Amino acid sequence: MKMMRLLGLAVALAGAAFAYPTLTGPTGMATLPTAETLPAGQLNLAADYYNTSDGPIENTYPVRLSFGITDNVEIGGAFLMQEDMDMWVIHAKISPLLPLLGFNWGAGAQYAQQEFPLLGDDTITQVYWVGDMVMNGGGGGQPTFDITLGVNWTDSDLLNNDAIRFFAGVRAGFVNDFSVGAEYQTKDDSLDAEALWSVYARLGLTDTIGVQAGWTNGPFFGTNEHNLFVGINFGWGMIAE
């Protein structure tokens with residue numbers, strides 16, 4: 001148990017500059033999770049504007065709430081306002097579970113429901129295994145750099161299909177709490193129109209407030225169109241310095 005707590009603290013400290021929710025809620029990259037979890041007692045509230053107006057949905061407004069139950073257990077929920085096609089999501093993540101090959105590995109799950117007035121409701125279930133490796137921990141004014149590898153199983157009731165897809169991401173952190181990142185998830189023809197990929201940048205304005213901007217064709221499935229998203233994240237409780 002002591003070793004698990006130490007591993008959890010190491011992940012939290014290494015990823016402090018990147019502790020920001022995905023568009024569906026789990027701490028992570030733009031749309032894909034990392035192995036990071038919020039520190040115990042930390043509550044995060046994030047809201048974004050996602051310009052999906054060139055698709056069937058005019059615009060999307062993801063609002064997410066996440067909480068660190070312990071240093072390696074995180075839970076949360078999200079509500080994505082999308083005209084008549086709103087989506088709600090709940091998630092849970094535990095990490096780290098296993099240090100292996102230089103990565104700290106964790107696991108999580110997401111459960112979502114989305115309304116489609118003409119097609120009926122969709123239920124999305126996703127389970128993932130994900131690991132982070134800190135390549136450069138920074139210090140002395142040097143940038144931080146880490147990579148993420150993962151795999152998820154995703155099932156869609158509406159599409160009547162499920163698939164296993166692999167994903168990866170890279171993130172770099174610089175002075176003044178500025179970071180940039182990119183993510184990629186493999187395409188499965190039964191769920192995706194295209195492979196999912198995103199680029200994004202984040203900036204910590206204070207110890208408790210951060211902002212982000214990026215470009216993605218997610219979140220759960222890779223679509224034909226990439227769109228801009230911008231947002232803000234508030235944190236209360238145990239905020240990593």
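Which residues does Y50 touch, not counting residues up to four places away in sequence? Y50 touches L23, N59, T60, P62, T216, N217, G218, P219, N227, L228 and F229, where contact means heavy atoms within 4.5 Å. This is a predicted model, in which local features need pLDDT of at least 70 and side-chain atom pairs count only at pLDDT 80 or more, while totals for chains, interfaces and linings use all residues. Residues are numbered from 1 along each chain as its sequence is written, and side-chain values use heavy atoms, with hydrogens and water left out.

The protein contains one helix and 12 strands. Helices (H or I, at least four residues) and strands (E, at least two) are DSSP runs, numbered from the N terminus. In order from the N terminus, the elements run α-β-β-β-β-β-β-β-β-β-β-β-β. Of the contacts with a separation of 6 or more, 51% are between residues 24 or more positions apart. Of the 241 residues in the protein, 47% are buried; buried means under 20% relative accessible area, exposed over 50%, and partly exposed in between (1.4 Å probe, protein chains only). The protein exposes about 10,900 Å², and carbon and sulfur atoms supply 66% of this area. Accessible areas come from the Shrake-Rupley method with a 1.4 Å probe, and for residues only the protein chains shown count as cover.

Y50 also belongs to the largest nonpolar core, which has 12 residues: L23, M29, A30, L32, A35, Y50, Y128, V130, F167, L196, Y200 and F229. The elements that give two or more residues to this core are β6 (122-139) and β10 (196-204). Apart from this core lies another, of 10 residues, among them A78, M87, A112 and I124. A nonpolar core is a set of buried Ala, Val, Leu, Ile, Met, Phe, Trp, Tyr and Cys residues joined through side-chain atoms within 4.5 Å.

On a 1 Å grid over the protein atoms alone, a cavity is a set of points where a 1.4 Å probe fits but cannot get out, and lining residues have an atom within 4 Å of a point. The lining of the largest cavity consists of T31, L32, P33, Q110, Q126, N152, R165, Q185, L196, P219 and F220. These lining residues divide into five nonpolar, five polar and one charged. In this division Ala, Val, Leu, Ile, Met, Phe, Trp, Tyr, Cys and Pro count as nonpolar, Asp, Glu, Lys and Arg as charged, and the others, Gly among them, as polar.

One of the lining residues, P219, is found in the loop between β11 and β12. The peptide bond from G218 to P219 is cis, with omega near 20 degrees. F221 is found in the loop between β11 (209-216) and β12 (227-236). F221 counts as buried because its relative accessibility is 16%. Leaving aside residues up to four places away in sequence, F221 touches I124, T154, S156, R165, L191, D192 and L196. The C-alpha atoms of F221 and A193 are separated by 7.8 Å, although these residues are 28 residues apart along the chain.

A cis peptide bond also joins S95 and P96, with omega about 0 degrees; P96 lies in strand β4 (residues 87-100). L101, in the loop between β4 and β5 (103-114), has a positive phi of about 55 degrees although it is not a glycine. L101 counts as exposed because its relative accessibility is 72%. D177, which is not a glycine, likewise has a positive phi of about 55 degrees. D177 is placed in the loop between β8 (161-174) and β9 (178-185), and its relative accessibility of 42% makes it partly exposed.

Two further positions complete the tour. L119 is found in the loop between β5 and β6 and is exposed, with a relative accessible area of 63%. L119 and L158 are 39 residues apart in sequence and 8.0 Å apart in space, C-alpha to C-alpha. G77, in strand β3 (residues 73-81), is partly exposed, with a relative accessible area of 22%. Not counting residues up to four places away in sequence, G77 touches V63, R64, L65, V89, I90 and H91.

Conventions:
On a 1 Å grid over the protein atoms alone, a cavity is a set of points where a 1.4 Å probe fits but cannot get out, and a pocket is an open set with protein on both sides within 12 Å along at least five of seven lines; lining residues have an atom within 4 Å of a point.
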